[in-house]
Amino acid sequence: MARKSKDDPNEVLADITPNASRRVAAVGMAGLLGALLLLIAGLRPPQDLGWLVFLIAFGAACLWLAISMWRASSVTIELTRSELREVNGRVLCAIDNVERVDRGLFAFKPAGGFLVKLKAPVGRVYAPGLWWRAGRTLAVGGVTKRGEAKEVADLMTVLLVKSGQKG
């Protein structure tokens with residue numbers, strides 16, 4: 001049996017698994033809101049056509065969000081020495097592109113999560129309920145377990161310090 005070296009860039013240091021109860025609650029609320037709006041539009045349609053279009057469009061968008069959130073939040077996030085990625089291989093950010101990790105009280109971060117400021121923008125991606133990235137900001141959290149997210153954020157800070165970058 002071959003052993004991995006201490007500095008293997010693909011060794012998983014920590015992971016974040018979505019919390020089942022938070023996931024069900026978030027998806028359920030979005031789905032319920034969408035269903036209620038469509039029910040109102042169907043059973044008691046407003047007289048004004050604009051409001052009817054609004055109810056149908058917003059209800060459909062909430063149902064789409066619920067389905068998207070269910071799919072996106074089924075994935076585990078892994079931290080390796082070289083990157084933060086989903087278990088299926090989609091890379092959230094490379095560690096050498098991280099400027100700092102912020103999980104402070106007043107940081108604009110998802111519930112139970114953390115923010116990562118990147119050195120260079122990577123592109124916009126949104127995995128509802130789990131993580132999003134826009135410009136130089138990556139936010140992880142939402143339906144995640146608070147303790148696991150804290151551990152990943154702390155390990156990322158340690159990796160930054162070890163590589164000589166500020167955390």
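Trp131 counts as buried because its relative accessibility is 1%. Buried here means under 20% relative accessible area, exposed means over 50%, and partly exposed lies in between (1.4 Å probe, protein chains only). Trp131 sits in strand E8, residues 131-134. Helices (H or I, at least four residues) and strands (E, at least two) are DSSP runs, numbered from the N terminus.

This is a predicted model, in which local features need pLDDT of at least 70, side-chain atom pairs count only at pLDDT 80 or more, and totals for chains, interfaces and linings use all residues. Residues are numbered from 1 along each chain as its sequence is written, and side-chain values use heavy atoms, with hydrogens and water left out.

Thr144 is 13 residues from Trp131 along the chain, and their C-alpha atoms are 9.4 Å apart. Glu151 is 20 residues from Trp131, with a C-alpha separation of 16 Å. Glu151 belongs to helix H3, residues 146-162. Its relative accessibility is 41%, so Glu151 counts as partly exposed. Ser82 is 49 residues from Trp131 along the chain, and 19 Å separates the two C-alpha atoms.

Ser82 is partly exposed because its relative accessibility is 27%. Arg81 lies in that loop as well, between strand E2 (77-80) and strand E3 (83-86). At 28% relative accessibility, Arg81 is partly exposed too.

Now the charged contacts. A salt bridge is a side-chain nitrogen of Lys or Arg within 4 Å of a carboxyl oxygen of Asp or Glu. The whole structure holds nine of them. One of these joins Arg81 to Glu11, with the closest N and O atoms 3.3 Å apart. That pair links distant parts of the chain: Glu11 is in the segment before strand E1 (12-16), 70 residues from Arg81. Glu11 has a relative accessible area of 25%, so this residue is partly exposed.

Which residue forms a salt bridge with Glu78? The partner is Arg85, and the closest N and O atoms are 3.1 Å apart. Both Glu78 and Arg85 are buried. A network of salt bridges links Glu78, Glu83 and Arg85.

Arg90 and Glu86 form another bridge, at 3.2 Å from N to O. Are its two ends buried or partly exposed? Arg90 is partly exposed, because its relative accessible area is 38%. Glu86 is buried, because its relative accessibility is 2%.

Turn to the helices. H1 and helix H2 (residues 49-72) pack at an angle of about 160°, their axes 8 Å apart. H1 is therefore roughly antiparallel to H2. Axes are lines fitted to C-alpha atoms, for helices over the stretch in contact, and angles run from 0 to 180 degrees between N-to-C directions. Angles under 35 degrees count as roughly parallel, over 145 as roughly antiparallel, 65 to 115 as roughly perpendicular and the rest as oblique. The H1 and H2 crossing is left-handed: the near helix is turned anticlockwise from the far one by less than a right angle.

Leu39 lies in H1, residues 20-43. Its relative accessible area is 45%, so Leu39 is partly exposed.
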